[in-house]
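This report looks at salt bridges and at the surroundings of a ligand. Please keep the sequence and the model at hand while reading.

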Amino acid sequence: MNFRYTDEEEAFRKEVQEFIQQNVPPDWLGVDPGPEEESKEDVYAVAQKTWRGLGKKNWIGLSWPKEYGGQDAPLWKEMILLSEMAYRGAPGMDLAIAQADLVLAFGTEEQKKRFIPPITRGEAKWAIGMSEPNAGSDTFAVQLRAVEEEDCFVLNGQKIWSSGAHHADYQVVYARTDPEAPKHMGVSVLLVDLKSPGITMRQITQMTGIPAFCEVFFDNVKVPKENLLGEKNGGWAIMLHAFGGERTYGLFLNYNAKRYLEQLIEYSKDTSVAGQPLGKDPLIRDRLAQMAIEIEVGINLGHELNWLAIQGQATVKASSQIKVRGAAVAQRLGNLGMQILGLYGPLNEDSKWVKLGGRFRHTYMSAIAFSLAGGTSETSRNHIAGRAGLGLPKQ
Ligand SMILES: Cc1cc2nc3c(=O)[nH]c(=O)nc-3n(C[C@H](O)[C@H](O)[C@H](O)COP(=O)(O)OP(=O)(O)OC[C@H]3O[C@@H](n4cnc5c(N)ncnc54)[C@H](O)[C@@H]3O)c2cc1C
C-alpha cells in the first residue's frame, strides 16, 4: 500500500484547503467534527456558510450518483475532503451526509430523487433519531410507536440525544411497528419532516455548556407511508448499516487531534517557565512524542479503512477499531493539553488570560462524549471481539 497522495489527490487536497481558507475566518481555532458546536450561534453562522459553499462546489456527496446530485467521484475524494475539514476544525460536516447514505442504500427511486438533491445543494439538514431513554447501546429496544393507518404511520413516543435536531429539517426515526415480534424484528425506519404537527423539542445542555442535544417528542405525528425507508419491520438492516457509517467518524477525530497537537507543540516551543521553554522539559517532550505516535497510528488505520472501503471490503472490525482509537486519542489529547497549560487550562474562551482559545478546556470535556456517540467504545470492542472480528463466542 502506498501511503503518499498521488498528484491528482494532492491537487484536490490543495483545492479543499483553499476552500476552507475562504470559508472559515483566518483566526479560526476549530471545532470538533460533527454538529455539536454548531449550537453556538457564531459557529452555526460559519457552518451554514460552509455547508452551502460545499453545495455550490458540488462537494456534498461527491461519491453519490449524478442523477441525485452527486458527482460519481471516487471515494478517496470524499475522504480527503472530510479529513481536511476535520483537520482544520471547519464546521459544516452535517449529519445529512450519513443519513443520505441510508436513503441511497435503502430508499425508493422517488425517495432518492426527493431527499438527496436538497442535501447535495447544502440546503437540507438532517438529524438522527435512534436513541431513546431506554434504548442506547441496546438500539433494538426502541419503544417509540408507529401505528400503520391507511395512508400514514402515526408516531407516539420520544427520542433523546438527537444532535442538532433543533436546526434540522428531517430526522431518520427508528420506530416500533410490531410490538409482538422479537425486538430486533419489529422496528421500521421513517423519514420524518421535523415541522410536522405534533412534534416538540427540548434542548439539553452538554457538559461543555453547549445545548447541542434535543429530546424530540412525538404526539400523534402523521408520517406519510411514502416516507417509510426500506421494508416495514426491516429497520434492523438499516441500523447495522448506519453504525458502519458512524464509525468512520474515528478517522476524523484523529485528523482533528493532529491539528490540536500541532497547536500544543507550538505553545510548548513559544512558552517559557522559569526561563526555559516548555518544549525542553523531558516529560513534556515525551508526552508530546507519544501523542504524535498515537495520532499517526489512528490516521494510518483510517487510511487502511478507506482503502478497504474502496475495494468494497470495509469490515465492522476495521471501522470499530478506528472509532475506539479516535475517541481514546481525543481524550488523551484533552488531558495532555490541560496538563501542559496548567492553571490556564480550565479558563474558558471569554477569559482575558485564556490560552489557545480555550480549545483544550473544550476538548477535555467534549472528548468524553466521543466514546459514547455513534456507539460506545465498550460495544465497539464487543464487535471487534465477536464473529466479525476476533471470532470469540457471543456473550
Ligand atoms: C455527543 C453525542 C452525540 C449523540 N448523537 C446522537 C444522535 O444524533 N442521535 C441519536 O439517536 N443518539 C445520539 N447519541 C446517543 C448515543 O448513540 C448513545 O449515547 C449511545 O448509543 C449509548 O447509549 P446510552 O447513552 O443509552 O448508554 P447505555 O447504552 O445505557 O450504556 C451505558 C454504559 O454501559 C455500557 N454497555 C452497554 N451495553 C453494554 C454491553 N453489551 N457490553 C459492555 N458494555 C455495555 C456502555 O458502553 C456504557 O458505558 C449521541 C451521544 C453522544 C454522547
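E148 forms a salt bridge with K232, the closest N and O atoms being 2.6 Å apart; a salt bridge here is a side-chain nitrogen of Lys or Arg within 4 Å of a carboxyl oxygen of Asp or Glu. Because E148 lies in strand 2 (residues 145–148) and K232 in the loop between strand 8 (228–229) and helix 6, the pair ties together parts that are 84 residues apart in sequence. Helices (H or I, at least four residues) and strands (E, at least two) are DSSP runs, numbered from the N terminus. E148 is partly exposed, with a relative accessible area of 37%, and K232 is partly exposed as well, at 36%; buried means under 20% relative accessible area, exposed over 50%, and partly exposed in between (1.4 Å probe, protein chains only).

The model is predicted, so that local features need pLDDT of at least 70 and side-chain atom pairs count only at pLDDT 80 or more, while totals for chains, interfaces and linings use all residues. Residues are numbered from 1 along each chain as its sequence is written, and side-chain values use heavy atoms, with hydrogens and water left out.

## Other salt bridges

The structure holds 21 salt bridges, among them one in which the side chains of R359 and E37 meet at 2.9 Å, N to O. R359 lies in helix 10 (residues 359–370) and E37 in the loop between helix 1 (7–23) and helix 2 (41–56), so this pair ties together parts that are 322 residues apart in sequence. R359 is buried, with a relative accessible area of 6%, and E37 is buried at 2%.

The side chains of E294 and R332 also meet in a salt bridge, at 2.4 Å, N to O. This pair links distant parts of the chain, with E294 in helix 8 (residues 282–310) and R332 in helix 9 (residues 316–341), 38 residues apart. E294 is buried, with a relative accessible area of 10%, whereas R332 is partly exposed at 41%.

## Around the ligand

The ligand is surrounded by 16 residues, of which S131, S137, W161, T376 and E378 are the closest; a residue counts as near if one of its heavy atoms lies within 4 Å. The largest share of this shell, three residues, comes from strand 3.

A polar side-chain atom of T376 lies 2.6 Å from an oxygen atom of the ligand, while a polar side-chain atom of N382 lies 3.2 Å from a nitrogen atom of the ligand.

Key: Polar contact = N/O pair within 3.5 Å; in protein donor to acceptor, adjacent residues only side chain to side chain.
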